[in-house]
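These are my notebook entries on a structure that I looked through by topic.

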Amino acid sequence: MRHLLVVLALVGLAFPAAADKPAPVDPAFEFDGLAAQARIDWGVPGLAVVVVKDGRVALAKGYGTRELGKNEPVDADTLFAAASTTKAMTAAAIGMLVDEGKLGWEDPVRKFVPELQLADPVLADSLTVRELLTHHTGIPGTDYLWYGGALDWKQILAKLAKVGPEGRVRGSFHYQNVMYGLAGDVIGRVSGSSWEEFLRRRIFTPLGMSRTVALGSEAATAPNRVSPHSREDGVIELWDTLDVVDPVAAAGSVWISAHDAAKWMSFLLDPTSVKDAAGKPLLSAETVAELFRPQVVIQPGAFYPTAEKTQPHWTTYGLGWFQQDYRVRKLDFHTGSIDGLVAIVGLVRDANFGVAVYANQDHAELRHALMFSAIDQFLDDGLSRDWNGELRALYDERRAAGEKERAEFEAKRVPNQPPALPLAAYAGTYADPLFGEVSFTLEEGRLVAHLGKHLVGDALPWHFETFRITWRRKLDGTSWATFRLGTDGTVQAVEADGTTYAKSAAAAPSTP
C-alpha cells in the first residue's frame, strides 16, 4: 500500500488533473488582437471585421477612426464600401430571377436588352446572362467608360459597340465591371424596377440589413460612415468622392456595415434558413450551388499576388466569387477596391465559416492577411503563420519593383529638349470616339489636363512634345501625353496612355 501511495503521488505530480489544464484559447480573442495590430502595422485609419461560424457571429468589431483627425470611432454599424464584393449580390439577384423562371442562365442578353451592340456581332448575338457574371467574354476591361463619371449608363451601353475583344473570344479571364453593370440593367428590366430597388426589396429587407445602402450617393448622406483615404509617398490624403461606381452600380456601389455583413454571409452559408413572405427560401439550393460552382479557370498571372504565398493548386471564378484551394479547403472570396476604400469577403462553405474585412484606405492589403489569419485561427486551431508580416513584405517588394521600373524609365529622359511650340498651342479639347474627351487649359502659365469629372493634373514638359501629367489626387498617379504636330506645324492630336485623341475644332479656354 505504501508503495502504491508513492506511485500515485508521482503520477499526480507528472499529470495534473483536468481541472488544472490551461483553458483553450478563444480564437475570437486571438483574432481580435491580430486585427487591432494589423490596423496599426498597415497605418489604416479605420477597420471593421466580422467572423461568422456555425450560424453565429463570433466577432463583429470596429477599430480606429472613420476619418483621420476626427474623434469618430469605427463600430460594427459603421458603413464601409462593399465595392466589388457587391458582385456576389448581383449574381444572387440574377439567381432569384432564375428561380422564378423569369430568365435563364443561358438566355441571350439581347432578349432583355435588345439595343445591345458589341464590336463583335457574333458575340453580341450569343452573349448569355451567365457570361455577364464570369469575366470570360474576351472583352477587355473598360473602366475608362465609367470611372470619372462623364457618362451615364445609357451612354456607356452605347459605347460598348466600339469595344473589340482582346484575344480570342471567351478565351481567357478579363475582369469586366461594365458587364456587371449590364447584369444590373437586366435585373431592372426583368423585375420592372431597378437593380438597387431589387436589392433593397429582395435581399436587404428580408435579411434585416437595415444599415446597407445600394448606391454611393446614398452613403454620402448616411450617418456613421467612413471617409476614404489614400497613402501616397507617406502622406495620407482624404478623398471626397463616394459615388464613383454608381454609373455601373451592380459592379460595386453597395455600402455595408460589419453587422449587416454578418447577416449576408450567414445567409450565403445557409440560404434556406431565410424565407420570403410566401415561406419559400430566398434562393433555391440548386441556384446556390450554381453561384459557387467554378465557371471559368483563371489563367496564371490574372489572380491575386497572394498566390505567391498560398500556392493554390487551382484558381477559378464562380458567379461573383474568386475561388482557390487553401489548406485543403475550397475558399470562395472576393475583394473590393475603389478610391481609398477596400473590402474582402471570404467563405469556407464546407466549414460553415465566413470572414469579412473593410478598411478606409486604398491599397490596404491587410484584408488578405486578416482573411487568411481568420481561417487559420478558427479552422486550424490558431495555426501560427504571420500573414500580416508576410504580406506586408510581399507588397513592399512589389512597390519597390514598381518604383525601380519607374526610375529606369525616367532615366531615359532627354534633357534640355523643350516642346517646339508655346504652351498655349497645346491647349484645347481632344476627343476619341470610344474614350471620350481630354482637355488641356493654360492656367497661370502652366498646362493643366482635365479628364472626366474628377481628374485634374499638371502637365509639365518632359522632352520634345511629351508632357508628364501628375494628377492632383495622388492615388491617380501619373500619365504621359505626347502631342502630334501636323505638316503645317500645328497640334493635331495627343496620345495619352496608349490612346490617340484628335484635336477638336474649338480650342479649350485658357485662364489667367
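Entry 1, cavities. I note at the outset that the model is predicted. I started with the second largest cavity, which holds about 40 Å³ of space. I looked up its lining and found A82, T85, M89, I256, W264, V345 and Y358. By class, six of these residues are nonpolar and one is polar, and none is charged.

I then asked how many cavities of 30 Å³ or more the structure holds. The search returned two. For the largest cavity I recorded a volume of about 70 Å³. Its lining is made up of A81, G216, T241, L242, V244, V245, G252, S253, W255, I338, D339 and L341. I sorted this lining into seven nonpolar, four polar and one charged residues.

I next examined β1, which covers residues 46–53. Is this strand mostly covered or mostly open? I found it mostly covered, with eight of its eight residues buried. I separated the side chains by direction: G46, A48, V50 and V52 point one way, while L47, V49, V51 and K53 point the other way. Both groups are buried, K53 included.

I looked up the partners of β1. Strand β2 (residues 56–64) runs antiparallel to β1 and is joined to it by eight bridges. Within this pairing I noted V57 of β2 as the bridge partner of V52. Two residues lie between the strands in the hairpin of β1 and β2, and there D54 takes a positive phi near 55 degrees. Strand β12 (residues 353–359) also pairs with β1 in the antiparallel sense, over seven bridges. Here I recorded A359 of β12 as the bridge partner of L47.

Y175 sits in the loop between α5 (153–159) and α6 (177–191) and F322 in strand β9 (residues 322–325), so the pair ties together parts that are 147 residues apart in sequence. I checked the accessibility of both residues. Y175 is partly exposed, at 27% relative accessible area, whereas F322 counts as buried at 5%.

I then turned to Y304 and F333, an aromatic pair that is tilted, with 5.3 Å centre to centre and 45 degrees between the planes. This pair also links distant parts of the chain: Y304 belongs to the loop between β7 (296–297) and α11 (307–310), F333 belongs to strand β10 (residues 330–338), and the two are 29 residues apart. I found both Y304 and F333 buried.

Last, I asked which residues the ring pairs link into a cluster. I listed F173, Y175, F303, Y304, Y317, F322 and F333.

Key:
Residues are numbered from 1 along each chain as its sequence is written. This is a predicted model: local features need pLDDT of at least 70, side-chain atom pairs count only at pLDDT 80 or more; totals for chains, interfaces and linings use all residues. Side-chain values use heavy atoms; hydrogens and water are left out. On a 1 Å grid over the protein atoms alone, a cavity is a set of points where a 1.4 Å probe fits but cannot get out, and a pocket is an open set with protein on both sides within 12 Å along at least five of seven lines; lining residues have an atom within 4 Å of a point. Grid points are joined across faces, edges and corners, and a volume is the space filled by probe spheres set on the points. Ala, Val, Leu, Ile, Met, Phe, Trp, Tyr, Cys and Pro count as nonpolar, Asp, Glu, Lys and Arg as charged, and the others, Gly among them, as polar. Buried means under 20% relative accessible area, exposed over 50%, partly exposed in between (1.4 Å probe, protein chains only). Helices (H or I, at least four residues) and strands (E, at least two) are DSSP runs, numbered from the N terminus. Two strands pair if DSSP finds at least two bridges between them. Rings of Phe, Tyr and Trp (its six-membered ring) pair if their centres lie within 6.5 Å; planes under 30 degrees apart count as stacked, over 60 as edge-to-face and the rest as tilted.
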